[in-house]
Amino acid sequence: MLQVNVLRGNTAEVKERLAVKRFAQPELVDTIIGLDDERKKLQAEFDTTQAKVNAASKEIGRLMGQGNKEGAEALKQDVAGWKAMLEPLKEKMATVEKELQDTLVILPNLPSTLVPAGKSAEDNVVVREGGNKPDLPKDAVPHWDLIKKYDLIDFETGAKITGSGFPLYKGKGAKLQRALIQYFLDYNTEAGYTEYLPPFMVNEASAFATGQLPDKEGQMYHAKDDNYFLIPTAEVPVTNIYRDTILKKEDLPVKMTAYSPCFRREAGSFGKEVRGLNRVHQFEKVEIIQIVEPATSYAVLDEMVAHVEKLLQNLELPYRILRLCGGDMGFTSALTYDFEVFSAAQERWLEVSSVSNFESYQTNRMKCRYKDADGKTQLTHSLNGSSLALPRIVACLLENNQATDGIKLPKVLHRYFGAETI
RNA sequence: GGUGAGGUGGAUGAGUGGCUGAAAUCAACGGUUUGCUAAACCGUCGUACGUCCUUUAAGAUGUACCGAGGGUUCGAAUCCCUCCCUCACCGCCA
């Protein structure tokens, strides 16, 4: 959520930035400022009246103590009058505040000046590519066939147990999941990230704080009896560790990593998009999250991008890094880099990570602040990224490394998987 | 799920209707002292939203906040109701 003061100081610039994100209601910026003005006016009025009530109440106490009943009674009359004024004011304030809040929440984060204009995935900018695309033999097959061949995942039984998009990993398929998770976590903790294993369901306040609510309500599975949401990413529970906190300068940067399953409803997806592991409702992911001083957040973003890039290099996969354009970015992000790996048999790029700087958009919702060098309290910046999402990594590993004598795994995985090939 | 006890500032913890935005202690921070460490002493030490003042910083001031939300009262941390959470015991259970 953006701060009203940011809107106030640079209304024109804010609207320009919102246009980059293809936000359709720039007039809401003015609406918000108007509502905030009204809020202030109402509060001033309320406060001065309430101050009179408080002073009179004290005086009544004093008069009673002196036994001056008549004086006290007279004052009570005054208080009754003021209180009658306070009631409607209070209601009006609540209405205006709610409207302000509701409107503020509709505004997406402002994209950084590095964000290219554009309306869809086509307009994303390739920052760099790495790794080598393999030369596959003519008879190379997509990962869903390899999965069958080596009996790694049973999609049909997963669908029987739950529904489509809930894979049942089996044998070496299951073990590969475990190996990848363990490798990713080790890689991250070696880089100074603290490992967490968070709750896989969150309450409404947490889902709101990281911006899943109200924007992505339909994306999450909702346990209505308890009003809990299955997490779509570990970002939600882990970032919320620092909800409503004030950190010390020396606590920063906070670096966290967590494995979690991710649950996504993905309503409306179909066809080739969802074949095999391309898109599923439940998948495994390891996430990295940082909470940092505002001045450092873009340097940290670069650091995180490099961190994920190295991981893909270690996995020996062909990848490319995209800077997302305004139209393709997430609601809460200021700058996002997507990582895609090339799945050679499908001849498709598959997204496996998304690393974003949210600046103070999440932390403002979360009220995650810190005391800066001058002792002033201000909002921190938050960032996160996947390192990595498993299914598409697996799809790519299988397709790109297929050979007649099995699937060759990259060196870094040997000791985790306990073998060099599948 | 049942019964009981609780939830107060960074921590411990006092506070059962007005003098309490909140004692005391500890921690933290600044200073004095000191060869260094320790100790002692002095000071500072909540958040949010307003208003005034100032170029800003700072300062002054108002309102709200003692788990959350309602209620009683001229006045609520304190009394009442609902909910949440923690702890103990019981039940169930990986």
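**Close-up 1. Asn401 and the residues it touches in the predicted model.** Leaving out residues up to four places away in sequence, Asn401 touches Cys396, Gly406, Ile407, Lys408 and Pro410 in this model, which is predicted rather than determined by experiment. Asn401 itself is placed in the loop between helix 12 and strand 17 (402-403). One of the residues touched, Lys408, has its backbone oxygen 3.1 Å from a polar atom of the Asn401 side chain. Is Asn401 buried or exposed? With a relative accessible area of 18%, Asn401 counts as buried, because the cut-off for that word is under 20%.

**Close-up 2. Asn314 and its surroundings.** Asn314 has its place in helix 10, and with a relative accessible area of 17% this residue is buried. When its neighbours within four places in sequence are set aside, Asn314 is in contact with Tyr183, Tyr187, Pro410 and Val412. With Tyr183 there is a polar contact from side chain to side chain, at 3.0 Å. Which residue lies 97 places from Asn314 in sequence, yet 8.0 Å from it in space, C-alpha to C-alpha? That residue is Lys411. Pro410, listed here among the contacts of Asn314, is also one of the residues touched by Asn401.

**Close-up 3. Two cis peptide bonds.** Leu252 and Pro253 are joined by a cis peptide bond, for which omega is about 0°. Pro253 is found in the loop between strand 8 (245-247) and strand 9. A cis peptide bond also runs from Ser387 to Leu388, where omega is near 5°.

**Close-up 4. Two residues with positive phi.** Arg22, a residue other than glycine, has a positive phi near 60°, and its place is in the loop between helix 2 (11-20) and helix 3. Glu316, although not a glycine, likewise has a positive phi, of about 60°. Glu316 is placed in the loop between helix 10 (297-314) and strand 11 (319-323), and helix 10 is the element that also holds Asn314.

**Close-up 5. The protein surface near RNA strand B.** RNA strand B is surrounded by 19 residues, of which the closest are Arg39, Gln43, Ser57, Lys83 and Lys371. Of the atoms of RNA strand B that come within 4 Å of the protein, sugar and phosphate account for 72%. Which element gives the largest share of this surface? Helix 3 does, with twelve residues. By type, the residues of the surface divide into six nonpolar, six polar and seven charged.

**Close-up 6. Individual atom pairs between the protein and RNA strand B.** An N or O atom in the side chain of Gln43 is 2.2 Å from a sugar or linking oxygen of RNA strand B. In the case of Arg369, an N or O atom of the side chain is 3.2 Å from a sugar or linking oxygen of the RNA strand. Ser57 takes part through its backbone, where an N or O atom lies 2.6 Å from a base nitrogen of RNA strand B. The elements that contribute two or more residues to the surface near this strand are helix 3 (27-65), helix 4 (69-104) and strand 14 (368-371).

How values were computed: Residues are numbered from 1 along each chain as its sequence is written. Chains are lettered from A and ligands numbered from 1 in the order in which they are written. This is a predicted model: local features need pLDDT of at least 70, side-chain atom pairs count only at pLDDT 80 or more; totals for chains, interfaces and linings use all residues. Side-chain values use heavy atoms; hydrogens and water are left out. A residue is near a molecule or strand if one of its heavy atoms lies within 4 Å of it. A polar contact is a pair of N or O atoms within 3.5 Å; within protein, one must be able to donate a hydrogen and the other to accept it, and residues adjacent in sequence count only if both atoms are side-chain atoms. Helices (H or I, at least four residues) and strands (E, at least two) are DSSP runs, numbered from the N terminus. Ala, Val, Leu, Ile, Met, Phe, Trp, Tyr, Cys and Pro count as nonpolar, Asp, Glu, Lys and Arg as charged, and the others, Gly among them, as polar. Buried means under 20% relative accessible area, exposed over 50%, partly exposed in between (1.4 Å probe, protein chains only). Contact means heavy atoms within 4.5 Å.
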